[in-house]
Amino acid sequence: MVQIDILRHGECEGGEIFRGSTDVALTTAGWAQMQRAVDSHGAGTWQGIVSSPLQRCRRFAEEQARVLGLPLRVDEDWRELNFGDWEGQERADLLARDPAAVESFYRDPVGSPAPGGESVVQMQARVAAAFARCLSMSRDERVLLVAHGGVIRALLALVLGMELKRIFTLDVPYACLSGIEHLEERGISRLIYHNPHAF
């Protein structure tokens, strides 16, 4: 059995923007959010850490690997969705200029992708490949995965068999924790918890 505890990054510099592939740092508050989540979840039980290459995930993962004495694997395919023409733009400004496009994206990101951006279908395909690699390299282990909101939604949709266009019905706030258990003998993965500290 493999258990993957999935941690979303915390609050980032730059405000509420479409940051996707924009490589921004965590705020001090964002780092503290992630540390609280890790501290409350029994960090001593992990045998390894996997991370997105973007610094809002990678730097925290590097520090946890150093402090806990764990191996770290950085996998390019865990990076966030690229928002194309929307990259770096304030959500509120874009919503004011083109509300129909933004609302359509959140209602159905498969049918209404961000202009010039990566499709969520492409993103989920690379997430599925990264997930398969993580399982194959983590046999009988419990690992921490540090990733992004869109990526986590795509992974949970994959595990739950959800329609991809419904991924924004999943609430994945900053420093959210989710847990997936993979039962190799039964050939299934299942969600065992999601954002327990919200309650």
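**Close-up views of a predicted model**

Asp5, at 0% relative accessibility, counts as buried, because buried means under 20% relative accessible area, with exposed meaning over 50% and partly exposed lying in between (1.4 Å probe, protein chains only). This is a predicted model, in which local features need pLDDT of at least 70 and side-chain atom pairs count only at pLDDT 80 or more, while totals for chains, interfaces and linings use all residues. Residues are numbered from 1 along each chain as its sequence is written, and side-chain values use heavy atoms, with hydrogens and water left out.

**View 1. Asp5 and Arg142 form a salt bridge.** The closest N and O atoms of Asp5 and Arg142 are 2.6 Å apart, where a salt bridge is a side-chain nitrogen of Lys or Arg within 4 Å of a carboxyl oxygen of Asp or Glu. Asp5 lies in strand 1 and Arg142 in strand 4, so the pair ties together parts that are 137 residues apart in sequence. Helices (H or I, at least four residues) and strands (E, at least two) are DSSP runs, numbered from the N terminus. By the salt-bridge rule, the count comes to nine.

View 2. Arg66 counts as exposed at 59% relative accessibility, whereas Glu63 counts as partly exposed at 27%. Elsewhere, salt bridges that share partners join Asp75, Asp77, Arg79 and Arg133 into one network.

**View 3. The largest nonpolar core has 36 residues.** A nonpolar core is a set of buried Ala, Val, Leu, Ile, Met, Phe, Trp, Tyr and Cys residues joined through side-chain atoms within 4.5 Å. The residues with the most contacts inside this core are Ile4, Trp78, Trp86, Phe131, Leu145 and Leu155, and at least two core residues come from each of strand 1 (2-8), helix 4 (99-107), helix 5 (120-136), strand 4 (142-147) and helix 6 (149-160). With contact meaning heavy atoms within 4.5 Å, and leaving aside residues up to four places away in sequence, Trp78 touches a list of residues that includes Val50, Arg126, Phe131, Leu145, His148 and Leu155. A second, separate core of 19 residues includes Leu26, Val38, Cys57 and Ala61. In soluble globular proteins, nonpolar side chains tend to be buried together.

**View 4. Helix 1 (residues 28-39) has its buried residues along one face.** The buried residues of helix 1 are Gly30, Met34, Ala37 and Val38. Seen down the helix axis, they fall within an arc of 100°, so they line one face; the arc is that of the directions from the helix axis to the C-beta atoms. These buried residues pack against strand 1, helix 2 (55-68), strand 4 and strand 5 (177-183), while the face turned away from the buried side carries the exposed residues Thr28, Arg36 and Asp39. At 1.5 Å a residue, the twelve residues of helix 1 should span 16 Å, which agrees with its end C-alpha atoms being 16 Å apart; the expected span is 1.5 Å times one less than the number of residues.

**View 5. Helix 6 is largely enclosed by the rest of the structure.** Ten of the twelve residues of helix 6 are buried, among them Gly149, Val151, Arg153, Leu155 and Val159. The buried residues of helix 6 pack against strand 1, helix 5, strand 4, strand 5 and strand 6 (188-194). Helix 6 is followed by Gly161, whose phi is positive, near 70°.

**View 6. Asp140 and Asn195 have positive phi values.** Asp140, although not a glycine, has a positive phi of about 55°, and its place is in the loop between helix 5 and strand 4, where Asp140 is exposed with a relative accessible area of 63%. Asn195, which is likewise not a glycine, has a positive phi of about 50° and is found in the segment after strand 6; Asn195 is buried, with a relative accessible area of 13%.
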